[in-house]
Every structure is written in C-alpha cells, then in structure tokens.
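Here's a quick briefing on a protein chain. Have a look at the sequence and the 3D view, then read on.

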Amino acid sequence: MTTTLQEHLLQQSDMPQPGICSVCSAHPLVIRAAAELSVENGTLLLVEATSNQVNQMGGYTGMLPADFRAFAEHIATKAGLAPEKLLLGGDHLGPNPWRSLPAEQAMQHAETLVTAYVSAGFAKIHLDTSMSCFGDPPALSDEDVAARSVRLCRAAEEAHRKSPVQGQRPVYIIGTEVPTPGGATHPLDGLAITPPQAAARTLAVHRAAFLSNDLGDAWTRVIGLVVQPGVEFEHDSVVHYQRSKARELIEWRRLQSEKIVFEAHSTDYQKAQAYIELVEDGFGILKVGPALTFALREALDCLESIEALLIDPGEQSFLSQVIERTMLAHPEAWQPYYAGDALQQALLRRFSYSDRVRYYWHYPDIASAVERLFSNLVKNVIPESMLSLYLPAQYTRVRTGLIAGDPVSLVVDKVKDVLRMYSNACRN
C-alpha cells in the first residue's frame, strides 16, 4: 500500500512525532546512499530537486524535471527500493532563478517551472515566492508572498489535472521566512528564530488567499510551514539547535487545529541529538544537501591520498588538482560566495561547509578523474591497514562484513554516515 507524505507526517497523535529527511542533491552516489539506507530501514525516501538544479531550462544539472525523475527512479530501483517508497519534491519552486527579471516575467517562468514539476509526477511542492524580483521592495509582505503562492498553486493544480503521470495529488509547503538555499552567505551573529506571531500571520494570510481563490481543496494539502528554528551554517561555523530558544514557536504549532509540520532548512552539520529534538519538536521535514556532498568530497579526498601511496604518479587521477583547475576556469558557482585573498578562497573552495564543489561534479574532466580514481583502487585493492588511517568507520564495517571494500562502496557508506543521523531521528 502506498503511503503519502501527508499520511506519514500526520500520523495519529498517540504515536511518536514522525519525521522525514529530505535529500536535496542531484549527485548519483548521494541518491544511491539514501536509497540503500531506505531499503535497509524499510522507510520512505524523499528526494528533492531545487529550482536552480532542475528546471524547464535544464538548470545547472542540465536536467528537466522529467529527466530528474527518471534519473532518481533508475538509481532507486538499482538499490532495490520499491517504487512506492520513493517520493519526489521540488524545493524553492518560484521565481528565484529569475529574480533579476521584473516580477511578472519571473512569475511567468515560475508558473512554467511548477507546471513542469507536477506534470513529471513530483508530489511535494515548496511554493517559495519569498524572494524579491527586479523592481520589488527588499522584503515582500505576507500578502504579496501569499498572492504569488496562489498563482503557483493554481498552476500546480491545473498541471496535475492534465498530467499523464496521474500519481498522488501535490502537497504543498509554504512560508515567508525561507533561508538562503545552500547555506548562509553572511556572518551568523544574531540568527533570529521565527516568532510565533509571524508564523501565525503567515498561516492566516495564506489560508485566506487560498480560500478566496477557490483553492480550498489544495489548502487541505498544505502540510508544512518553513520557519527558522535557529539552525544555519556558513563557511566554517554552525549555529546549533537549542530547543529552549524555540519553545514558543514549538508550543504555537502544537496548539494549531490545522495539522501541519514545520519544515527546517539548512539542518546540515547539526549534532545527532539535535535531529532527534527537532523531530520531537514538530520539525517533521529536515532538509539536508551540502553536508552530503561534503561527506562525499571527504571520502574522495581520502581515496586520493590512498591512491598516491599505491599508484604510480603517471597513472594517478590527481582529482583534487582537476577540481581546482575546473573551479578556477569556471568561477561563477563559487566566486560570488567566497570572499578573501587567493589563499582564503582556495581554502574555501575545498573546505567550506557550503560546499560549492557540489556544482562541479558533472564537469567532464572531474567526472573522468573520479572514474580513474575508482578504477585505480579497484585494480589495486586498498590494504585494510591503510584504510584504517583514512576511513576508520568504513574500515570497521569492511572488517565486520557490513560493507564491501571497493572504492564506490566506501564513498557511499561515508555519505550514509550523515544520513544515519537523520534516519535515527526520524524513526524515534
């Protein structure tokens, strides 16, 4: 029997507060790791594409929404995940990729974007109209955000009605306090938690806008509200969750007659206990992205260090050098975000928590270097004693037979280490 996301999140009140991890990545090894872990645990898998990654113009991945669906389904199927266990979502769907354009033009693109996602069978739609476009004031009012959300919701409902992929009806996420996608780009001093009054106003204004525009049925499928619970990260620091500071917001949600959960963005790099507390406190959707590719990059760095010890220099991948050359040749995905002198920028390219490297894995030279690295370490088996130094957690699992010792399995398991914290929290 297929379980919808709404059913999963809004289980009976006598059960522990349920939650789900939202995997926001287009990297095939990250999605493989998430799918394998879902198979191991018998849980749903929610994978989301962002409006910058995947859109009607291809996004930075070059994929249309229908392409991304086929891509994710192929990986999940190979991992043994039942089709009904895979849920697809669209993150930050709105005018964000076109916010340099006048609002009306950007919103027309956004309507086409949402239509493409729903037509491709994406069931979870984040209506993000919170960002100002050209000519807008710096901060939009709740009324303006709600009016634009209504436009996109209407496009989504119409797309589902006409869609050849007649799956679950879309469920929606709303909110006006939406963090910057991919992590903060400024110092995090004084990060403000959403006041309950602001959450209440956002909910009330959106409810009124939906109901006055004949979207009452769609309103019953608004399952979540984006708020700021007091979590964020930037290049080299993390604001950790403190539930005591969010208590008023938590209590406000518990008193609502409408059954919604909070959606928490930028939960990357939190401590394991924080995820348990977030889910217990009603943050039922925990979004993670950069932390997953950060772990993937760490694993590849370790494998490259092993490669340098085992492989003749003429045959090595020199992956880190290829990445650096590529990022310098194509700086548009990191240069606006990494300040400082040449040395500081070089360190950020490699070590920043925001992990702008994630935009480059599909570049042909980098993809080729990764394949060479893997090939070298398949032909030359990594000694256990060497693995112990570079990937100690994976070393233990290899020795106990929990995972294979090939390089791809090692990388996938390193990514799973991040996902395991989310999975443990969402099943508690």
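Predicted model: local features only at pLDDT ≥ 70, side-chain atom pairs only at ≥ 80, totals over all residues.

Residues are numbered from 1 along each chain as its sequence is written, and side-chain values use heavy atoms, with hydrogens and water left out.

**Helix α6**
- Helices (H or I, at least four residues) and strands (E, at least two) are DSSP runs, numbered from the N terminus.
- Several α6 residues are buried, including Pro196, Leu203, His206 and Phe210. Buried means under 20% relative accessible area, exposed over 50%, and partly exposed in between (1.4 Å probe, protein chains only).
- The buried residues of α6 pack against elements including β4 (124–127), α5 (142–162) and α8 (247–254), where contact means heavy atoms within 4.5 Å.

- Most residues other than glycine have a negative phi.
- Asp214, which comes after α6, has a positive phi near 60°. You'll find Asp214 in the loop between α6 (196–212) and α7 (216–219), and it is exposed, with a relative accessible area of 74%.
- Asp355 isn't a glycine either, yet its phi is positive, about 50°. Asp355 sits in the loop between α12 (342–351) and α13 (364–379), but at 2% relative accessibility it counts as buried.

**A buried charge without a partner**
- Glu304 belongs to helix α10 (residues 290–310).
- Glu304 is buried but has no salt bridge, and the nearest side chain of opposite charge, Arg350, is 5.4 Å away.
- A salt bridge needs a side-chain nitrogen of Lys or Arg within 4 Å of a carboxyl oxygen of Asp or Glu. For charges, Lys and Arg count as positive and Asp and Glu as negative, while His and the chain ends are not counted.
- Leaving aside residues up to four places away in sequence, Glu304 touches Phe318, Leu319, Ser320 and Leu373.

**A loop residue**
- Ala79 is in the loop between α3 (65–78) and β3 (86–93).
- Not counting residues up to four places away in sequence, Ala79 touches Ala35, Glu36 and Val39.
- Ala79 and Leu319 are 240 residues apart along the chain, and their C-alpha atoms are separated by 27 Å.
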